[in-house]
Amino acid sequence: MGPTSREPDPADETATDARGIDGAAIAEVLEHGELELVGQVRGASNATLVCDAVYRDDVVRCVYKPVRGEQPLWDFPDGTLAGREVGSFLISDALRWSTIPTTVLRDGQFGPGMVQRWIDGPDDGHAGDDQAGDGDIDDGVAHGRLDLVDLCRSDAVPSGFHRVIEAYDSRGQEVTLVHADDPRLLRMAVLDVVINNADRKGGHILAGADGAVYGVDHGICLHREDKLRTVLWGWAGQPVPAELVADLEGLLARLTDRTGALRTRLQTLITTTEVAMLVERIRAIIDRPVMPTPDRSRPIPWPAF
Ligand SMILES: Nc1ncnc2c1ncn2[C@@H]1O[C@H](COP(=O)(O)OP(=O)(O)O)[C@@H](O)[C@H]1O
Ligand SMILES: [Mg+2]
């Protein structure tokens, strides 16, 4: 799934490639650049536009999701999905985990919304893509490759992958939803506990051309009640690595500083109770650094990709 109205022109490549620009400069371009519409992501549940943000000599490809294009959700009545996306980015950024691409809140031609750096994949596909596009089980095992999150035959789950759930495909063959035992995904899974992600699908996990793994679509995060819904259950009940706990301690210190910039900013994006519950979730992981388990109602998002 990608921009639809215009395929990126290979001649644009250097102009649209944000990798040479540092994080602060990317944020500046996203915040102040002119948004030139490139296309729209087909099949997205909210209006998801692909743009080039153009500022001085820099061009950064991005998604622009105007608040006006958000589908109202009965269980997320407060604030905006765009505000939750930006809040989630600020938390990932404060942890220095770079799991969420740079995301800002700004005005655009369709009104205020979130603008997030576009992540190019190695082959511009993403984790969870059915590469063949035929709806069949990816025969990744036969080809020696699976995506970070994938479906494969239940009798052929390779080592280095965690089983999430068993199911049957349309032909009655047993298949298993799996994800890689990868530290970048484990860090994302911990972030999801922190931000209380209610929708971590396979399609929201992008393998970037730069070798990093990114998460997108954080519009339904940061709710006050536990809503964790994810495909990343492979570490359920296992310890949270000490270095990640140390990062969370740093985040907690920043968030409990009542006049600190991060807390002040978050309070403009989500409710006071939601900020307080965020702090509680971080405290709970520090006190008992163990990954949660899926014994809850609807632990896996549907569809899973
Ligand atoms: N920053 C991004 N970089 C690359 N692809 C993205 C990015 N954000 C979204 N996408 C692609 O667009 C699709 C739809 O976007 P998403 O954020 O999931 O929208 P929605 O809120 O409508 O579900 C994603 O599944 C992903 O394939
Ligand atoms: Mg989505």
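I take two strands as paired if DSSP finds at least two bridges between them. Helices (H or I, at least four residues) and strands (E, at least two) are DSSP runs, numbered from the N terminus.

The model is predicted: local features need pLDDT of at least 70, side-chain atom pairs count only at pLDDT 80 or more, and totals for chains, interfaces and linings use all residues. Residues are numbered from 1 along each chain as its sequence is written, while chains are lettered from A and ligands numbered from 1 in the order in which they are written.

I looked up the strand order and found 1-2-3-5-4 in an open sheet with antiparallel pairing. Strand 1 (34–40) and strand 4 (103–106) each have a single partner strand, so one side of each has no neighbour in the sheet. On average, neighbouring strands here are turned by 35° against each other, direction ignored. Axes are lines fitted to C-alpha atoms, for helices over the stretch in contact, and angles run from 0 to 180 degrees between N-to-C directions. Between strand 1 and strand 2 (residues 49–55), which run antiparallel, I find six bridges. Leu35 has Ala53 in strand 2 as its bridge partner.

Entry 2, helices on that sheet. I count a contact if the C-beta atoms of two residues, placed from the backbone, lie within 7 Å. Helix 2 (residues 23–32) packs on the sheet and touches strand 2, strand 3 (58–66), strand 4 and strand 5 (113–117). Its direction makes about 55° with that of strand 3. Helix 3 (residues 81–94) also packs there, touching strand 3, strand 4 and strand 5, with its direction at about 140° to that of strand 4.

Seven bridges join strand 7 to strand 8 (residues 174–180), and Arg163 stands opposite Val178 in strand 8.

Not counting residues up to four places away in sequence, Ala189 touches Thr230, Leu232, Trp235 and Met291. Leu232 is 43 residues from Ala189 in sequence, with 6.1 Å between their C-alpha atoms.
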